[in-house]
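Notebook open, viewer loaded. I want to go through this one piece by piece and jot down what I look up.

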Amino acid sequence: MPAGVIRAAALCALVLAAASVQAQSRFEEDFNDEDKPWQEIAVQLPPAPRQENLLPFFSSPSQSFAIDSTSVSVGTDGVVRYVLVASSTGGARNVSYEGIRCAAFERKLYAFGQQDGSWSRSRRDQWERITGNSLNRQHAVLAKDYFCEQLMVAGNAKQMVDRIREKKPMTSENYR
């Protein structure tokens, strides 16, 4: 075989090997989620909650809390979104559209419900760490008992709603 043909074949083999290494590198990058920044999806506000769809899940001495069962969703961004209704013993009622990000154990307030069924966007729409203090206990209860397990989304929306409806919170040693 002439030397030119051998050199051309060797060069071709070298180019193919380099392309294969580069393709393998890109393949591994595509599956390495740790290096990819998390990105939140665009949020669509749900319809106003209806009384027949409310599921109570937590009460304190001064307030009771319920979620609208039709509003619970799990986004492709890993955020569980829902409508929360807080009712005080004095008769006041607050409606909010919120999200819980299990992976970071954070919550976000998207909007407030108005008397006419419309929504008013929250001015404070950043992610905040969920704490178990008495002021925000309802978020910790939702995250720990119904939506998240070991910083992962615990199932789909139907399973979450069923847990609340059946009053069967998850038991997780990591959060107790």
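**Disulfide.** I started with the S-S bond of cysteine 102 and cysteine 148: its torsion is about -75°, so the disulfide is left-handed. The sulfur atoms of cysteine 102 and cysteine 148 sit 2.0 Å apart, and a disulfide here is a pair of cysteine sulfur atoms within 2.5 Å. The structure holds one disulfide. What does the pair tie together? Cysteine 102 is in the loop between β5 and β6 and cysteine 148 is in strand β9 (residues 148–149), so parts 46 residues apart in sequence are linked. I also looked up burial, where buried is under 20% relative accessible area, exposed is over 50% and partly exposed is in between (1.4 Å probe, protein chains only). Cysteine 102 counts as buried at 1% relative accessibility, and cysteine 148 counts as buried at 0%.

**Ground rules.** I am working on a predicted model, in which local features need pLDDT of at least 70, side-chain atom pairs count only at pLDDT 80 or more, and totals for chains, interfaces and linings use all residues. Residues are numbered from 1 along each chain as its sequence is written, and side-chain values use heavy atoms, with hydrogens and water left out.

**Layout.** I find three helices and 10 strands in the protein; these are DSSP runs numbered from the N terminus, helices being H or I with at least four residues and strands E with at least two. From the N terminus on, the order reads α-β-β-β-β-β-β-β-β-α-β-β-α. Of the 176 residues in the protein, 36% are buried.

**Helix α2.** I checked how enclosed α2 is: 10 of its 11 residues are buried, so the rest of the structure largely encloses it. Among the buried residues of α2 are His139, Lys144 and Asp145.

**Cores.** A nonpolar core is a set of buried Ala, Val, Leu, Ile, Met, Phe, Trp, Tyr and Cys residues joined through side-chain atoms within 4.5 Å. The largest one has 24 residues, and Phe57, Ile67, Ile100, Leu142 and Phe147 have the most contacts inside it. Elements giving two or more residues to this core are β1 (54–59), β2, β4, α2 and α3 (157–165). Which element gives the most to this core? That is α2, with six residues. Another core of 12 residues lies apart from it, with Val43, Val85, Val95 and Ala111 among its members.

**Pocket.** My grid rule has 1 Å spacing over the protein atoms alone: a pocket is an open set of points with protein on both sides within 12 Å along at least five of seven lines, a 1.4 Å probe is used, and lining residues have an atom within 4 Å of a point. The largest pocket has a volume of about 480 Å³, volume being the space filled by probe spheres set on the points, which are joined across faces, edges and corners. It is lined by 24 residues, and Arg93, Asn94, Val95, Ser96 and Gly113 are the closest to its centre. Strand β5 supplies the largest share of this lining, five residues.

Is serine 71 buried or exposed? At 6% relative accessibility, serine 71 counts as buried. Serine 71 touches Arg81, Tyr82 and Val83, leaving out residues up to four places away in sequence, with contact meaning heavy atoms within 4.5 Å. Serine 59, in strand β1, is exposed, with a relative accessible area of 53%.
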